[in-house]
Amino acid sequence: MRPFPPLDATATKIINLLINCSSPTHLHQIQAQLILHNLHSNTTVAHHFINASHSLRLLASALRLFNRLPKPHVFIWNSLIRAFSHNHTPFIPFSIYAHMNRKSIRPNNFTFPFLLKSLSDFKGLREGQCVHAHVVKLGQLDDIYVQNALLNLYASCGDMGFCMQVFDEMPQRDVVSWTVLITGFRSAERFDDALIAFERMQYAGVVPNHVTMVNALSACANFGALEMGVWIHDFIRMRGWELDVILGTSLIDMYGKCGRIEEGMAVFRDMKEKSVYTWNSVIKGLALAKSGEEAVMWFIQMEQEGIKADEVTLIAVLCACSHSGMVEMGRKIFNSMMNREDGFSPGVKHYACMIDLLARAGILEEAMEMMTQMTFEPTKAMWGSFLAGCRTHGDLELSEFAAKKLVELEPGNGSYYVLLSNIYAEMGRWSDVVKLRRLMKEGGLRKELGFSSIELPQENVYEL
């Protein structure tokens, strides 16, 4: 409970002033009155002063004020930690916590959730492990809010081993616990583990919320688990949930990546509100389905409806043009980026899409010219697209040039040596093939094995 002591008339007046405070000058005047009447140690007044400082972005002043107290109440420190964690100031909450320890002020279960949240925001794994040790030492590990904050810390820092350890040791888990675990696996690109955790959540009888579903749908989209994605969609319909922007966009993204863009388009039409991310998911889904003309049509409609395209939109529509061989439309969209009034010019990914478009179409000289005239160095993706185009259209000399560039960019990747060796074999340069194979053997290089995912009826997704 918050320790709110009885207030006298002066304290009540100052609190009212703090509630209505709207300027830094006014706040500094109130601060002078606090010190004059020795009210800054009063937890109720301190709470309102910290809130006013936070709203005016003057938390540093509040911290300096309360640092002068010989031994402020733990509630004041908790309020400061909470305010700074909301303010997204790196590691200030941790330094406040360290100051508490130096002053022998014992933290309580309200101290740790916001402290751990601030460390999660800035990936402070080492500091978080120190706090974890303190939580255990002080006997605060039984609090579910502290446990969930620890889960979030390890998940945010990508340490899913410790995250699972904390999770497994929890006597009770709520929807937040399961959602953090699923989100952590999804962020770590362990999509199969995310879906397994989601299934375990169902068996445990915990009802998912919107955040759970968004992260589970993301795992489905990236893992190709269409059946699970359809089950989630059915769950949403049965529960009567409204398709808000985030949930609807996640469904469209899942259907698009799983090759069922028609269902994604049905979701799009059912949504009352759409954002640029929703439109992007539709255009990307159509691009993956090689429906380039339809993707461009929706891109044009998007702009007609006054939705401002972002860089991702233009990448998606250029990919659609590339996958459907729409060279002239791709050129037109790319050239229009040079004259856009919103300030952004083509980036690396936009150039990569154009090079892929030109290479697929066999316009190799123009693709090569674009790479040499860019203001930045060509990436592996660009050389890879260019190489694929060269091989498709039978230009062995340019294929050799591109393969050598890939070897230069990543000399430890055995796949590029195998590609170059195959090109030499096609050219009949067997002595070069032997040299490359010898280099690979001496360097211990091997071609990485590929894999595919399949989803069997009534079964899980398997990798082959």
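Reader: What follows H25, and is its phi positive or negative?
Author: Gly428 follows H25, and the phi of Gly428 is positive, near 80 degrees. Bear in mind that this is a predicted model.
Reader: Which residues does H25 cover, and how far apart are its end C-alpha atoms?
Author: H25 runs over residues 414-426. Its end C-alpha atoms are 19 Å apart. At 1.5 Å a residue, 13 residues should span 18 Å, so the two values agree.
Reader: Which residues of H25 are buried?
Author: Gly414, Ser415, Tyr416, Tyr417 and Val418 are buried, and so are Leu420, Ser421, Ile423 and Tyr424.
Reader: Zooming out. How many helices and strands does the protein have?
Author: The count is 26 helices and 2 strands.
Reader: Is the protein spread out or a compact globule?
Author: More spread out than a compact globule, because its radius of gyration is 29 Å, well over the 23 Å from the globule rule for 464 residues. Along the principal axes, the C-alpha atoms fill a box of roughly 95 × 50 × 50 Å.
Reader: What share of the residues is buried?
Author: Of the 464 residues, 46% count as buried. The protein exposes about 23900 Å², and carbon and sulfur atoms supply 53% of that area.
Reader: Charges next. How many positive and negative side chains?
Author: There are 44 positive and 48 negative side chains. The centres of the two sets lie 9 Å apart.

Key:
Residues numbered from 1 in each chain as written. Predicted model: local features only at pLDDT ≥ 70, side-chain atom pairs only at ≥ 80, totals over all residues. Heavy atoms only, no water. Helix = DSSP H or I, 4+ residues; strand = E, 2+ residues; numbered from the N terminus. Rg over C-alpha atoms; globule rule 2.2 N^0.38 Å. Buried < 20%, exposed > 50% of the residue type's maximum accessible area, 1.4 Å probe, protein only. Areas by Shrake-Rupley, 256 points an atom, 1.4 Å probe, with all protein chains shown as cover. Lys, Arg positive; Asp, Glu negative; His and termini not counted. Charge placed at Lys NZ, Arg CZ, Asp CG, Glu CD. Expected span 1.5 Å × (residues − 1).
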